[in-house]
Structure formats: structure tokens, C-alpha cells
4 protein chains.
Amino acid sequence: MLLRKEGRRAQKKLIKENKLLDAAYHLFVEKGITATAIDEIVKKAGVAKGTFYLYFKDKEDILEKLILKKSSEIVKKALQEVSNKEFPSPVDKFLFFLEYIIDYLSKNRMLFRFLKKDFSWVFYKKITENDQLVEIKKAKEMFLKNFNTNYSQEELEMVIFMILELVSSLTYSSIVNSEPAPIEKVKPLLLSTIRKILEN
Amino acid sequence: MLLRKEGRRAQKKLIKENKLLDAAYHLFVEKGITATAIDEIVKKAGVAKGTFYLYFKDKEDILEKLILKKSSEIVKKALQEVSNKEFPSPVDKFLFFLEYIIDYLSKNRMLFRFLKKDFSWVFYKKITENDQLVEIKKAKEMFLKNFNTNYSQEELEMVIFMILELVSSLTYSSIVNSEPAPIEKVKPLLLSTIRKILEN
Amino acid sequence: MLLRKEGRRAQKKLIKENKLLDAAYHLFVEKGITATAIDEIVKKAGVAKGTFYLYFKDKEDILEKLILKKSSEIVKKALQEVSNKEFPSPVDKFLFFLEYIIDYLSKNRMLFRFLKKDFSWVFYKKITENDQLVEIKKAKEMFLKNFNTNYSQEELEMVIFMILELVSSLTYSSIVNSEPAPIEKVKPLLLSTIRKILEN
Amino acid sequence: MLLRKEGRRAQKKLIKENKLLDAAYHLFVEKGITATAIDEIVKKAGVAKGTFYLYFKDKEDILEKLILKKSSEIVKKALQEVSNKEFPSPVDKFLFFLEYIIDYLSKNRMLFRFLKKDFSWVFYKKITENDQLVEIKKAKEMFLKNFNTNYSQEELEMVIFMILELVSSLTYSSIVNSEPAPIEKVKPLLLSTIRKILEN
DNA sequence: GATGAATGAGCCTTCATTCAT
DNA sequence: TATGAATGAAGGCTCATTCAT
């Protein structure tokens, strides 16, 4: 009985937090971060202003949590997609994974504009507390262990990070500014370059 | 007589503009962009508040001009350095050029933090009006024409852009967050990767 | 059985009230009254927010009760001390009583800062309900009846009040602001002045 | 021409500052300090909210300046009054000075409630920069030099301070709370006590 | 009695921008 | 050109208080 009561409360709490995250997400994507007032977020979420500060320290805080959430959602989807297919080699698998993300972001320009270059490659953030990310960490290990390269383990870690930075940075520039060219033109070159980096 | 007067005026104007740019630069670097109020800029520059709006549209405006100015300064220095040396190949020349910039930014963390990932590679901005950048454009052509690669001209342009994005993005992450590792560890790997990309 | 239950309940109640008073006291003394939020009080006391309002009307209310409590504690201690000693005259007795309080407050600057000039001389508050103060009232009468002065009873009451105001006001200023001088310098002059007032 | 312009500006500035001080004064006295919002002050003063912060750091700041202003006004009036009369002795002069202030405050209960016990005896604040207070300092010296007492100079300073504390503290209590009695009853006793202190 | 999530009025403060001088 | 006082919308944040559980 007590447990059920507490459970219901905790549930309600979670609902409110998600309402706020959702509202913030849509506003951030639509009008940009700076232009979005907390006033608007709570109005859209249908809660009182004070409630916001019950769940988040300030705008920065909710933003950070949002980026993490959205990033990990995308990465999870990509991993799911990858696990449903067979690939000739681990590198092909990895390239497919990257391509899936590039395509996803191409279709969600505004989301990407919001994630900016702060798209977090999740596995490289030092988030140990967050339970949701365990499977993502496993995926990372999977990639790392299966590449057949001349790189040492340490180098390989750095190379992967480098590649992820390159992908997000270039994809951003291409999608948002069409520089150096639209994404359709950039993508093949980008992927072939990555292959070149991994298969030496 | 009239001419001299006008000359003096223009000079005075330039002095004020530079005072403002200088003041803004130091404040941006020290306290961050958002945290810097125009009030402080004009105070530091020793001019009246209204004067700011005589030279710049708003904070964005002065920021943009500042980034361009600082970026082009760095690039110019790097090009100067390059032109004083002999290199075994154009790729070596280019790598030296990149290394010089990486080293420079390493020594000026705060500057980089301010330039953020907005470091502008100048030759890729569509700045046609700005006369100062002509020589930089020439430098770009020099690089482009002398690489001996399998890439088409169009591809090569994109690859260069890609490399520049990679350098700024990764160097930033490494210098500011030490991710994936400190710059000393990342640099050799980065440079060798770039060489791999260019020399196929 | 019922009685015992009720007793326990009443006891529990008292415990909570005291926890709240204690928590409030420490916070008021440490960070000041305005800067202390009820949120912090309940957190420190380890009770729920709503519980606060079960025992006190608002911040004012707990503050008032706290001042009364602390003031009466000090006065009681002073009276105890006095009753253990012999004095050449009632005036000497009274002066010793005052000196004891001054010394006590000197050693507890922060407490005094909190009591501010609101230190309550207890016997002058019209507290009829509060049972704890009966003995203090008796003490007051003791002082009043034994002074050998030219004052009428009514005048004497006022003079005593005047003296108490003077002591708290000047001691406060001296202890907290060192004005007109540190308490060591002020105390002898203050006491001799009071003697002069009483022994005319 | 330039001077006149600047003069006019400075004049206007002073007018605004005074408008704000006036508005704050009336609101503080009427509704209390905490209950007065800066919003109301600026509305009453007829200026924009931001203007407030052009002249004062915060509510504390304007309050402090106000207390100083009002206190010094009263003291000045009292000194003026004193200088127009002849007195049998310096002590009589001083007592008249005090009585004038007591009477003034009796007639302005609300003002006193606002000044609270923070009534500043001006000459004891270490205000050296403030030019307006020079004459008041002179007055202080006048009092100090002319008393014919057994006190050393240092003691006398302390005694005067003590008396001023006593007067403000007791008068406050008497006027605002009628404790230990209404001011009409307290005043004669207070003054005779002070005489006793000074004429030993 | 006890809880603590939710409230939302209310406050302070900042700052880009204007405009009379 | 240059000034800087004035603006006031806008926004962030706090906190005493309530009330369903």
C-alpha cells in the first residue's frame, strides 16, 4: 500500500520531468535555445514555474540533459538497426552505423541545429552513473574489439574519437550551411575517407 | 586641407573601432561572450555607449568581425612561417602549416575557447569584399594546385575542408577538454591520419 | 494504555518542535534570518516542509519563540549564578547579574548578532501564558524590592528598564561594531554609570 | 556652453536621485521596508526601473543613504535650534538638543519606526568623504570640549555615545511600544538620568 | 499527525537600444 | 560624430504556503 502510493508519486514525478523535457525540446528546436524563455517551457509543459526548478537547476541543466537524451536515443536506434543486419566486415558495420546517423540527422535538420556540434557521442562522455547508457558502452567495446587495424588499442580509441568528431563536425557544416557542399555530395567522400583511415 | 582633415577623421575612426575590438576581444576571452556586456566593452575601450552602435550593429556583429580578424591573423602568421621554409613535398608543407596553427592554439587556450569551434578558416568564408584576404585566397590556391592526389579538383576542395574541420574540431576538444587525450598525444596521430588521407 | 500513547505522542511532538527550533537557531545564527529559508530549516531538522506549519505560523513565529527561549535561558543562567553568591548590597548583586550577561554575550557574538537588539529582557514582555517564566518574574520582584533608592516604585521600574535597554544596546554596539570601543573598555564605564544611576 | 550643458545634466541627475529617495522614503515609512518593492519606488518616482539601478546598488543601498539623510536632517535641525538659544550650562544645552530630537521623533512615529534603532548619530559614523557632515562634526567637538566633568577625554567620548544609544533605544521602545511607559512619562526621567550621568 | 510535490505571485536585475544634447 | 542618461521589456529565480495522499 505504502509502496504503491510512493510508486504513484514517483511515477507522477517522472511524468512531469518528461513533460518539461519535451516542451523544452520542441521550443529549443523551433526557436533556438537563447530565444526560449523558461516561462514558455513551463507554459507549454502545463506546470508552474517553480516546478521547473524542482527538476532542473537552470536552462543549462535541462539543455544538457536533453542533449544527452536525444543523442543517446539516436545512437540507440542506430545500434538497433546495425544489429539487425549482417556485414562483410566490422568496418562495414561501423560505416553503416555512421551512415544511419548521418541520414537521420539529415532528415532532422532542426534537431541537429539544436544539438549543434554538441552532439554527444555518448560513449565518450564520462557518464558512469547513467544506467541507460550501459548497452551503448557495450556497443562501443564491440566496435573497438573487432577492428583489424595496425593501431594499438590506445591509438584506435583516439582514431574512433577522431572519426566521430569529423563526422559530426562535417555533417553539421554540410547539413546546416551546405559547406563545403550539400550532404549528398559530402557523404560518399566522407565515408570513403573513413574507410581509408581504418583500413590501412 | 580638406583631404587632410578627412584623413585625420578616418584615422580617428579607425582608432576607436580598434579600441572597441580590442576591448571586446579581451573581455570575450576572459569572461566569455555571453557574460560580457556592451557596457563593459565601451568602458574598457574608453568610449561612450552610443559610440559602440556607430561602429557595430550589435554584439553578434563585433563578435563576427573579431573572429574573422583573429582567425586571419593566425592563418597569416602560419602562411608566413611556411613561406620561409623548404619542404620535401606539398603535403609536408600543408602539414607544417596545420601543425603551426595547432601549436599556436595550444599556447593560447583561452583564445581558442573563445574562437570555439567557430574558428574560421577564412578562405572558405564567402568574403568577397574584404581586401585583406586576397593573399590568403592565393595561398589556398597554392595548396590546392600542388597536391598530387587521385582526387578530382572538386573532391580535393571537399577533402581539404574536411581536414580543416577535423583539425579544428579535434584540436578544440583535445586542448579544452583533453578528450580523447591531451594534444601532445593526439597531434601525431592526427597528422599521420591527414597524411594518409592526402597520400593515397 | 491510551494515556501512555498520548504521552508518547506529546513527547514526539515536542521532539519535532525542538528539532525545528534547534535547526532554525543554528541557521539564523550562521547565515542570518532573512537568508535562511524555511526549506533549509526543515531539511536540517529532518522533517517535511508541511510539518513546519504544524508547529509554527511562519518564520516570524519561530523567530519570536526562539528569541524568547534563548533570552530566558541566558537570564536563567545569570540568576542561578547570582543566587550562588553573597553581595555587599542589592546594587552589587544587580551589577553582577548584568556583568554575567554581558560576558556571556561577549563570548557568543554570533548569538548576539542574531538576537540583535531584540534581546528580550523577558520579565518585561507581557507573557502571562508561559509557565516557564514564573521564576524569572519572582527574580525581578526581588531586584525591585530591595533597591534602596530615592525613586518611587513606578520610577524604579522605568529606571530598570532604561538600564536594561542601555546595557543591551551599548553591549551590542560594542561587541558587534566595536563602537564606541571594544567591550573590555566599555564595560567598566557602563557598570560604573549604572551604579551612579542607582545609587544617587 | 559646454559647461552649462553639463551642468544641466548633472542637475537633472540630482533631481532624479532625489525623486527616488523621496519615493522610497514615503513608501518605507508607510508600508515598511520589506513590503516595499523597487517596482513601487520607481513607479512613485515616475522613472523607469532601470534608472533605479543607475543610482543605487539595491534596496539596502538606498535605505542606507536614506537613513543617513534623514538622520542628519534631524540632527541639523536640532543643532540649529540649539544655536538660537542661550543656556545656563553646556549640559543644559546638550539636554535641550536631545529633548528636541526626542520631541521631533515623537511627532513622527512612523519615521522613527522606519529609522528603527538604526537612527544614526551621524557624528559617530566614520564618514569622512561626505561634505555635508562637516558642520555636524564641528558641533560634536563643541559638545565634547565644553562639558565640565571628571571624565577623561576618552571616557567622555564613550559616555556621550552611551547616552546617545540610551536615548535612541529607550525613546524607540517608548514611542513605538509604550514600554516601559509612554514617552511623556519616560522623558523627564530619562533627561534627569542623563544629567546625573554628566554632572557627577 | 506527517509528508513533500506543486504552486505562482512576486521580486530583483540586466542590458541592448534610443535620443536629446 | 560623440555622448551617456534613460528606458522598460524581458527573464531568471525564490520561497512561503497549500493540499492530496
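## Close-up views of a predicted protein–DNA model

**Figure 1. Residue classes around DNA strand F.** The surface near DNA strand F comprises 13 nonpolar, four polar and 14 charged residues. Here a residue is near a molecule or strand if one of its heavy atoms lies within 4 Å of it. Ala, Val, Leu, Ile, Met, Phe, Trp, Tyr, Cys and Pro are classed as nonpolar, Asp, Glu, Lys and Arg as charged, and the others, Gly among them, as polar. The model is predicted: local features require pLDDT of at least 70 and side-chain atom pairs count only at pLDDT 80 or more, whereas totals for chains, interfaces and linings use all residues. Residues are numbered from 1 along each chain as its sequence is written, chains are lettered from A and ligands numbered from 1 in the order in which they are written, and side-chain values use heavy atoms, with hydrogens and water left out.

**Figure 2. Contacts of the protein with DNA strand F.** Lys49(A), Thr51(B), Tyr53(C), Thr51(D) and Tyr55(D) come nearest among the 31 residues around DNA strand F. Of the atoms of DNA strand F that come within 4 Å of the protein, 62% belong to sugar and phosphate. In chain A, a polar side-chain atom of Tyr53(A) lies 3.2 Å from a phosphate oxygen of DNA strand F. Two or more residues of the surface near DNA strand F are given by each of helix 3 (49-55) of chain A, helix 1 (2-31) and helix 3 (49-55) of chain B, helix 3 (49-55) of chain C, and helix 1 (2-31) and helix 3 (49-55) of chain D. Helices (H or I, at least four residues) and strands (E, at least two) are DSSP runs, numbered from the N terminus.

**Figure 3. Contacts of the protein with DNA strand E.** Sugar or phosphate supplies 61% of the atoms of DNA strand E within 4 Å of the protein, and bases supply the rest. A side-chain N or O atom of Tyr55(A) is 2.3 Å from a phosphate oxygen of DNA strand E. Base oxygens of DNA strand E lie 3.2 Å from a polar side-chain atom of Lys49(B) and 3.3 Å from one of Lys49(D). The surface near DNA strand E has 13 nonpolar, four polar and 14 charged residues.

**Figure 4. The nonpolar cores.** A nonpolar core is a set of buried Ala, Val, Leu, Ile, Met, Phe, Trp, Tyr and Cys residues joined through side-chain atoms within 4.5 Å. Buried denotes under 20% relative accessible area, exposed over 50%, and partly exposed the range in between (1.4 Å probe, protein chains only). In the largest nonpolar core, of 133 residues, the members that touch the most others are Phe94(A), Phe97(A), Phe114(A), Leu20(B), Phe94(B), Phe97(B) and Phe114(B). A second, separate core of 132 residues includes Leu98(C), Ile163(C), Leu189(D) and Ile197(D).

**Figure 5. Relation of chain C to chain D.** Chain C is superposed on chain D by a rotation of 180° with 0.2 Å of shift along its axis, at an RMSD of 0.2 Å. This is the relation of a two-fold axis. In chain C, the C-alpha of Leu166(C) is the nearest to the axis, at 2.5 Å. Both copies use the same surface, in that 100% of the contact residues of chain C recur in chain D. Contact means heavy atoms within 4.5 Å, and the copies are superposed by least squares on the C-alpha atoms of residues with pLDDT of at least 70 in both.

**Figure 6. Ser169(C) and its partners in chain D.** Ser169(C) is found in helix 8 (residues 153-177) of chain C and is buried, with a relative accessible area of 3%. Apart from residues up to four places away in sequence, Ser169(C) touches Glu165(D) and Ser169(D). The side chains of Ser169(C) and Glu165(D) make a polar contact of 2.3 Å. A polar contact is a pair of N or O atoms within 3.5 Å; within protein, one must be able to donate a hydrogen and the other to accept it, and residues adjacent in sequence count only if both atoms are side-chain atoms.

**Figure 7. Gln153(D) in helix 8 of chain D.** Gln153(D) is placed in helix 8 (residues 153-177) of chain D. With 46% relative accessibility, Gln153(D) counts as partly exposed. The C-alpha atoms of Gln153(D) and Lys12(D), 141 residues apart along the chain, are separated by 46 Å.
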